[in-house]
Amino acid sequence: VSVLTTLERRFNLQSADVGVIASSFEIGNLALILFVSYFGARGHRPRLIGCGGIVMALGALLSALPEFLTHQYEYESGEIRWGAEGRDVCAVNGSSGDEGPDPDLICRNRTATNMMYLLLIGAQVLLGIGATPVQPLGVSYIDDHVRRKDSSLYIGILFTMLVFGPACGFILGSFCTKIYVDAVFIDTSKLDITPDDPRWIGAWWGGFLLCGALLFFSSLPMFGFPQSLPPRPERAGESEQAMLPDRDYERPKPSNGVLRHPLDGDSSTTCFQQLRVIPKVTKHLLSNPVFTCIILAACMEIAVVAGFAAFLGKYLEQQFNLTTSSANQLLGMTAIPCACLGIFLGGLLVKKLSLSALGAIRMAMLVNLVSTACYVSFLFLGCDTGPVAGVTVPYGNNSTPTSSLDPYSPCNNNCECQTDSFTPVCGTDGVTYLSACFAGCSSTNLSGCSCLTSVPAENATVVPGKCPSPGCEEAFLTFLCVMCVCSMIGAMAQTPSVIILIRTVSPELKSYALGVLFLLLRLLGFIPPPLIFGAGIDSTCLFWSTFCGEQGACALYDNVVYRYLYVSIAIALKSFAFILYTTTWQCLRKNYKRYIKNHEGGLSTSEFFASTLTLDNLGRDSVPQNQPHRTKFIYNLEDHEWCENMESVL
């Protein structure tokens with residue numbers, strides 16, 4: 001995500017194309033998630049996670065490949081980087097005719113660019129496939145091997161790490177985009193542009209190479225874990241535990257934390273028969289309204305994060321005139337650590353307050369309301385596009401409505417200005433021009449610009465970059481503070497909703513239920529939002545660059561419409577999540593026992609059984625309480641559809 005705007009410029013893509021790259025990771029994930037979580041629970045979970053890591057390492061290396069297969073960006077100095085010596089200034093008398101490469105050459109390279117786009121999508125799909133096992137299998141492996149009441153804390157830590165990754169990613173992206181894209185191939189000391197220049201393209205591929213190596217080495221230890229860890233001795237007497245099925249769920253068994261039920265059949269059943277069970281189990285899970293509502297609410301919450309985060313860097317660049325590198329750095333250092341903190345705090349609160357499922361849903365509702373309020377405040381924090389000659393105001397800044405808006409005006413008609421890139425300059429008259437050429441500047445020191453008619457000729461100079469908007473700095477600082485609060489509070493809902501989810505399904509379906517959650521998160525929460533947000537952002541474009549006669553990347557957005565549209569989509573999704581939380585709360589309030597399958601985090605299993613033994617002994621104090629051979633049978637018979645054969649259960 002931190003290099004999306006760089007890829008847009010490097011391969012001349014539109015926001016919608018970039019949205020497809022952002023979503024293709026999830027598409028790969030989607031393809032395998034149900035199979036991995038259903039069959040993976042029976043397999044060797046740590047090894048599957050290790051294999052996934054190695055597939056991801058391969059995907060990361062493939063992502064960096066386009067840099068080494070495509071022509072250097074040097075070539076395209078013609079396309080974007082002739083600035084100081086030629087094409088971006090006015091070509092009076094065709095003086096720049098002999099400079100720069102042949103435009104046909106650039107257009108022939110266009111097909112190569114399309115291939116690179118497909119390669120990036122393929123690499124992302126591969127990354128998605130590799131990332132499949134970690135979440136459902138990792139969460140269920142942890143939940144099987146820790147005490148029930150500690151589970152929320154460990155799962156909170158795991159989710160915190162899942163968000164801490166992107167924070168490192170943004171900071172790494174910010175570091176890489178400060179290095180020139182072709183730094184490996186050319187001598188960067190000869191460059192005449194800096195990272196602040198709009199024409200600068202950073203080394204977007206560097207992070208992928210580093211992450212590929214890290215993924216590979218961190219997958220290796222996963223192969224060392226056993227299929228299930230040896231059980232830890234509990235304080236309660238040995239024999240009391242011996243036959244308590246609930247202990248079974250917490251203590252790993254050869255069948256790997258998945259109790260066999262008649263539905264599973266013997267090991268002799270064919271893979272095909274097992275596959276036929278998947279739709280049945282899924283239907284069984286989704287027929288539980290609490291399960292379905294919680295999953296959909298989680299999807300809406302994640303959709304806001306996925307869509308908002310994918311284009312947040314771009315939003316900061318457009319609204320507050322930041323460079324790609326500083327936008328990523330700010331995101332990585334502020335919003336994301338706050339989200340980590342939020343997820344961790346959410347898990348901690350559930351544990352400390354020993355929240356029941358009802359308490360957890362109330363917490364999720366409160367958190368959702370507060371974070372929605374933060375999003376509403378974003379509607380008022382931003383900057384206007386400002387005057388741009390020929391796009392938002394006519395040339396010469398004469399505000400007569402009759403003059404139509406056109407980047408080409410009599411003062412730059414003979415300049416042969418190109419629109420295949422956007423290198424804005426700010427004139428002394430306070431108006432932004434699309435490039436020095438459009439401002440009519442004929443000399444390379446950017447003076448004597450014929451389009452600046454409202455200032456004396458000797459002052460008619462421009463400086464690179466857009467003109468600053470008044471009051472923008474203050475708005476930006478406020479935005480950043482609210483963003484931190486918003487991401488922290490919004491993230492606090494994550495652990496409570498996963499806890500409710502785990503508690504509404506019977507323990508043997510835990511892995512699979514998490515698989516269904518992650519499947520629907522991908523399907524509804526991660527894939528559509530970048531596409532919707534991307535298409536929405538494209539619709540607010542004021543000026544498109546053209547590239548070889550085709551529409552290229554957007555050069556200039558209408559900031560106000562962009563802001564309203566971008567934030568409104570997020571608010572709508574948040575509100576929908578709130579309605580779903582309320583529905584869940586109503587269901588649980590009316591019929592708690594029916595929906596919550598395994599007892600709450602309040603009592604750990606050993607405490608629970610200790611209390612039943614004490615009640616049992618009330619009238620018979622003569623029996624010593626710690627007798628080693630006392631055994632209890634407690635069976636929890638559920639009316640599951642597959643319990644038709646009662647003898648096997650008994």
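Which residue forms a salt bridge with Asp144, and how far apart are the closest N and O atoms?

1. Basis. This is a predicted model, in which local features need pLDDT of at least 70 and side-chain atom pairs count only at pLDDT 80 or more, while totals for chains, interfaces and linings use all residues. Residues are numbered from 1 along each chain as its sequence is written, and side-chain values use heavy atoms, with hydrogens and water left out.

2. Asp144 and Arg45. The partner of Asp144 is Arg45, with 3.0 Å between the closest N and O atoms. A salt bridge here is a side-chain nitrogen of Lys or Arg within 4 Å of a carboxyl oxygen of Asp or Glu. Asp144 belongs to helix H5 (residues 134–145) and Arg45 to helix H3, so the pair ties together parts that are 99 residues apart in sequence. Helices are DSSP runs (H or I, at least four residues), as are strands (E, at least two), and both are numbered from the N terminus. Asp144 and Arg45 are both buried; buried means under 20% relative accessible area, exposed over 50%, and partly exposed in between (1.4 Å probe, protein chains only).

3. A search of the whole structure finds five salt bridges. One of them joins the side chains of Arg147 and Asp150, at 3.3 Å from N to O. Asp150 also forms a salt bridge with Lys351, where the closest N and O atoms are 3.0 Å apart. Asp150 sits in the loop between H5 and helix H6 (151–176) and Lys351 in helix H13 (residues 324–352), so this pair ties together parts that are 201 residues apart in sequence. Through shared partners, salt bridges join Arg147, Asp150 and Lys351 into one network. Asp150 is buried at 13% relative accessibility. Arg147 is partly exposed at 25%, and Lys351 is partly exposed with a relative accessible area of 25%.

4. Nonpolar surface patch. Leu61, Leu65, Phe68, Leu69, Val184, Phe185 and Leu209 make a nonpolar surface patch of about 590 Å². Patches are made of residues with over 30% relative accessible area and no salt bridge; like charges are joined within 9 Å, and nonpolar side chains (Val, Leu, Ile, Met, Phe, Trp, Tyr) within 5 Å. Accessible areas come from the Shrake-Rupley method with a 1.4 Å probe, and for residues only the protein chains shown count as cover. Helix H3 (residues 45–69) gives the most to the patch, with four residues. Leu209 is placed in helix H7 (residues 206–219) and is partly exposed, at 33% relative accessible area.

5. Packing of H2 and H17. Helix H2 (residues 15–40) packs against helix H17 (residues 510–526) at an angle of about 160°, with the axes 9 Å apart. Axes are lines fitted to C-alpha atoms, for helices over the stretch in contact, and angles run from 0 to 180 degrees between N-to-C directions. H2 and H17 are therefore roughly antiparallel to each other (angles over 145 degrees count as roughly antiparallel, under 35 as roughly parallel, 65 to 115 as roughly perpendicular and the rest as oblique).

6. Two contacts between C-alpha atoms. Ala41 lies in the loop between H2 and H3 and is buried, at 3% relative accessibility. Its C-alpha atom is separated by 8.2 Å from that of Ser140, 99 residues apart along the chain. Pro387 lies in the loop between helix H14 (357–378) and strand S1 (425–427), and is partly exposed at 33% relative accessible area. Pro387 and Thr432 are 45 residues apart in sequence and 6.2 Å apart in space, C-alpha to C-alpha.
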